[in-house]
Amino acid sequence: MDSFSPHPPSTVFFDLETTGLDPSCDIVQLAAVSGGHTLNLFMVPRRPMQPGASRITGFSVRRQRLFLHHRPVLTSSLREALVSFITFLRMLGRPVLAGHNIRRFDCRVLARALDEFSLRSDFQKEVSGFVDTLPLARQLLGDSGLQSFKQENLVKTLLGVSYAAHDALEDVQALQNLYWALKPTANQIRQHIFTLDSLATAAVNPVKASGQSGLCERFSKTLDIVREERAGERLDG
C-alpha cells in the first residue's frame, strides 16, 4: 500500500448481492454510495440463483435476463461492472471502502472477480483500504445489550427506521446513515482496517496478518489530521 495523502480519504459504502453464499457464487448486484454519489449495477449471473438467495433478494433469471421482483433490469457484464466500480472509486480519490460483514464475504467474492479479469492491481490503486462495520459496531455497542448486530437490526434500533434490506443500494444508503450515527473515532477505525492482500495473507498464515500495522498507523495519522481540522466531524464517503 502506498503512503496516505495528507488529505482525508473519503469513505465509500459498498455491498454485493450474489447468487448464494457459497465460495463460488456470482455477483448479481454491486452498489456503492459516498455522500450524494451513488453507483448501482446489475449483472446476469453465470451460475444459477440459489432458491434461498432468490427468495431473499427478489432476483431471478429467465432466458438470460435478470429480473428483480419479476421486473426486468438493465444489466452489464461482470467486467464492465468492475471497471465502472474502479472508475467510480477513482473519482473519489482513493477512498476507504466500508461494508457490513465484508471481511468474511463480500471482499472475498470481489477479489475473486477482480482476479478473474486481471483487475486487482487497477482496483487497488484506487482504494486506501477496507473497514468492516460489523466488528466495528460490536466494539462500539458492546455494552448496549443488543442481541443482533445484523445491519437491518442496527438501523432499526439506532435510527428507528426500516428499509428494503438485501437490495444492495438500499443497504449501502442505510449503512452510510448508520455509520454517521455511530461516529467511530480514528483509533476505532484503525483497528478494523484491512486490504485484499491481507485477507489472502491471513488465509495462508494468520500470524502474518499483523504485518499490516504500518498501514493502520498511516491511516490513523490521516484520520488524526481530519479530527484536528474538523473537530467533531466524522469520516465518510
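Strand β8 (residues 129-132) pairs with β9 in the antiparallel sense over 2 bridges. Two strands count as paired if DSSP finds at least two bridges between them. Phe130 has Phe194 of β9 as its bridge partner. The model is predicted: local features need pLDDT of at least 70, side-chain atom pairs count only at pLDDT 80 or more, and totals for chains, interfaces and linings use all residues. Residues are numbered from 1 along each chain as its sequence is written, and side-chain values use heavy atoms, with hydrogens and water left out.

Both strands belong to an open sheet of 6 strands with mixed pairing, in the order β3-β2-β1-β7-β8-β9. Its edges are β3 and β9 (193-194); each has a single partner strand, so one side of each is left without a neighbour in the sheet. Helix α3 packs on this sheet and touches β1, β2, β7 (96-99), β8 and β9. Contact means heavy atoms within 4.5 Å. The direction of α3 makes about 80° with that of β1. Axes are lines fitted to C-alpha atoms, for helices over the stretch in contact, and angles run from 0 to 180 degrees between N-to-C directions. Helix α5 lies across β7 and β8, running at about 50° to β8.

Ala32 stands opposite Leu39 in β3. The hairpin of these strands has 2 residues between them, and Gly35 takes a positive phi near 65°.

The protein chain has 10 helices and 9 strands. Helices (H or I, at least four residues) and strands (E, at least two) are DSSP runs, numbered from the N terminus. A further open sheet holds 3 strands in the order β4-β5-β6, with antiparallel pairing. Here the edge strands are β4 (59-62) and β6 (71-72), each pairing on one side only. β5 (residues 65-68) and β6 are joined by 2 bridges. Leu68 has Arg71 of β6 as its bridge partner.

Of the 237 residues in the protein chain, 47% are buried. Buried means under 20% relative accessible area, exposed over 50%, and partly exposed in between (1.4 Å probe, protein chains only). In α3 (residues 102-116), the buried residues include Ile102, Phe105, Asp106 and Cys107. After α3 comes Ser118, with a positive phi near 55°.

The largest nonpolar core has 34 residues. Such a core is a set of buried Ala, Val, Leu, Ile, Met, Phe, Trp, Tyr and Cys residues joined through side-chain atoms within 4.5 Å. The largest share, 8 residues, comes from α3. Phe14, Phe85, Leu97, Phe123 and Phe130 have the most contacts inside this core. Leaving aside neighbours within four places in sequence, Phe85 is in contact with Phe14, Leu30, Ala32, Leu39, Leu97, Leu110 and Phe123. A second, separate core of 23 residues includes Val33, Val131, Leu178 and Leu182.

The axes of α5 (residues 133-140) and α7 (residues 168-182) come within 12 Å and cross at roughly 30°. Thr133, Leu136, Ala137 and Leu140 of α5 meet Leu175, Tyr179 and Leu182 of α7. These contact residues divide into 6 nonpolar, 1 polar and no charged. Ala, Val, Leu, Ile, Met, Phe, Trp, Tyr, Cys and Pro count as nonpolar, Asp, Glu, Lys and Arg as charged, and the others, Gly among them, as polar.
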